[in-house]
Amino acid sequence: MHHWVTERTILLVRHGSHAYGTNIATSDEDFKGVCIEPKQYFFGFAHQFEQQEEMVHKGHPHDKVIYSLRKFMSLAVNCNPNIIEVLNVSDSDVLKTQLSGYGYDPLLRSIAPDLLSKKAYKSFSGYAMQQLHRIKTHKKWL
C-alpha cells in the first residue's frame, strides 16, 4: 500500500448498492476515487502507480479503489462504465473533492458530459455482456 494515496486523493465517491439504495444488511460499502501521484511516480522516476485496492475479502472494512489521475482519465475517455458511474454519482455520495493544500477541485465531475461519446455504446454493451456471462457462470455453479 502506498502511504500517500489518501492524502493525495482529489475525488472519493460512494458507489454500488449503497449509492443506489439497493443495499441490504449484509451489503458492504464500495468507494472509488482518484489521486494525483507524487511527481516521482508521475514522471516515471519510481515505480508506476495505476491504482490501489482495498477489498472486504482481504480483511478491509469496505471495497475501495483509488486510481491515478492518468489511469482514471484513460478509462474515462474510453467510456468505461465504472468510471462514468464515478463521475455521475449523486452529490450526496461525493465524500471528498479536494487535495490538501490545493483547495476545492470540482473539475473532474464538471467535465463528465464532455467525456461521453459514441464509445459508450461499445463499452456499455461489452460490460452488459460480461455481466450476463457472469450470471450464467454463477447459475451453473449453484
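1. In what order do the 5 strands of the open sheet lie? The order is E3-E4-E2-E1-E5, with mixed pairing. At the edges are strand E3 (51-54) and strand E5 (94-96), each of which pairs on one side only. From one strand to the next the twist averages 20°. The model is a predicted one.

2. The pairing of E1 with E5 is antiparallel and runs over 2 bridges. Val-13 has Val-94 in E5 as its bridge partner.

3. Helix H3 packs on this sheet, where it touches strand E2 (30-35), E3 and E4. The direction of H3 makes about 95° with that of E4.

4. For the protein chain as a whole, the count is 7 helices and 7 strands. Along the sequence they follow the pattern β-α-β-α-β-β-α-α-β-β-β-α-α-α. Of the contacts with a separation of 6 or more, 63% join residues 24 or more positions apart.

5. The largest nonpolar core has 17 residues. Leu-11, Val-34, Tyr-67, Phe-72, Ile-83, Leu-87 and Leu-108 have the most contacts inside it. At least two residues each come from strand E1 (9-15), strand E4 (63-68), helix H3 (69-77), helix H4 (81-87) and helix H6 (112-115).

6. Ile-83 is in contact with Tyr-67, Phe-72, Leu-75 and Ala-76, leaving aside neighbours within four places in sequence.

7. The protein chain has 142 residues, 35% of them buried. Its accessible surface is about 9500 Å², and carbon and sulfur atoms account for 57% of that surface.

How values were computed
Residues numbered from 1 in each chain as written. Predicted model: local features only at pLDDT ≥ 70, side-chain atom pairs only at ≥ 80, totals over all residues. Heavy atoms only, no water. Core = buried A, V, L, I, M, F, W, Y, C linked by side-chain atoms within 4.5 Å. Buried < 20%, exposed > 50% of the residue type's maximum accessible area, 1.4 Å probe, protein only. Helix = DSSP H or I, 4+ residues; strand = E, 2+ residues; numbered from the N terminus. Contact = heavy atoms within 4.5 Å. Areas by Shrake-Rupley, 256 points an atom, 1.4 Å probe, with all protein chains shown as cover. Pairing = 2+ DSSP bridges. Axes fitted to C-alpha atoms, helices over the stretch in contact; angles between N-to-C directions.
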